[in-house]
Amino acid sequence: MAAKKNKKKQRQVASGFRSEALAQALEKQDMAAVALALRHGNTVVPLMAAGDRDNPLDAGEVWTYRAPDTGEIALLLFSDAKNKPTNLPPHVGVYPPAWLMGFLREHHEAITTVFIDIAGPHPMQAAPEDLLQALEM
């Protein structure tokens, strides 16, 4: 009986790690729709370490990719936790638009590119400044 409850709870949590609007915008490869989805919906982000469940202010530490040969930094965003490649850290966080805007404002000079659903099914890439400008419209 407990196993059924746990499976149901797992499915509910998994469904919360998706942005349908972002997935649809990526499918159409429509940058304006992607910006709108990011401006009004949550984004799935890989985490180096998950936040402390007992501390609602601890949202975890965002993971960014640093190219070993150039040192360039990329921020990876996902429309669905299922689209995150398994070779990335296992934890994900779901962040609101205000977080993404603040993160890009703070780190846009260090981040060279933003990949959205890098492993598919419909990947897109944007400059952090362009994405920030689209979010602020």
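Mentor: Let's start with a definition: a residue is buried under 20% relative accessible area, exposed over 50%, and partly exposed in between. Keep in mind that this is a predicted model.

Trainee: Thanks! Is histidine 107 buried, partly exposed or exposed?

Mentor: Look at helix α4, residues 97-107, where you will find histidine 107. Its relative accessible area is 27%.

Trainee: How many salt bridges does a search of the whole structure find?

Mentor: Let's go through them together. Arginine 18 meets glutamate 20 in a salt bridge, and the side chain of arginine 18 also meets that of aspartate 80. Glutamate 136 pairs with arginine 105, their closest N and O atoms being 3.0 Å apart. For the whole structure, the search gives 3 salt bridges.

Trainee: How many residues apart are aspartate 80 and arginine 18?

Mentor: These two side chains form a salt bridge at 2.8 Å, N to O. Aspartate 80 sits in the loop between β4 and β5, while arginine 18 sits in the loop between α1 and α2. The pair therefore links distant parts of the chain, and the separation is 62 residues.

Trainee: Is aspartate 80 buried or exposed?

Mentor: Its relative accessible area is 7%. Buried means under 20%, so aspartate 80 is buried.

Trainee: Which helix holds glutamate 136, the partner of arginine 105?

Mentor: Arginine 105 lies in helix α4, and the pair ties together parts that are 31 residues apart in sequence. Glutamate 136 itself is partly exposed, at 43% relative accessibility. Its helix spans residues 128-136, so the name you want is α5.

Terms used: Residues numbered from 1 in each chain as written. Predicted model: local features only at pLDDT ≥ 70, side-chain atom pairs only at ≥ 80, totals over all residues. Heavy atoms only, no water. Helix = DSSP H or I, 4+ residues; strand = E, 2+ residues; numbered from the N terminus. Buried < 20%, exposed > 50% of the residue type's maximum accessible area, 1.4 Å probe, protein only. Salt bridge = Lys/Arg side-chain N within 4 Å of Asp/Glu carboxyl O.
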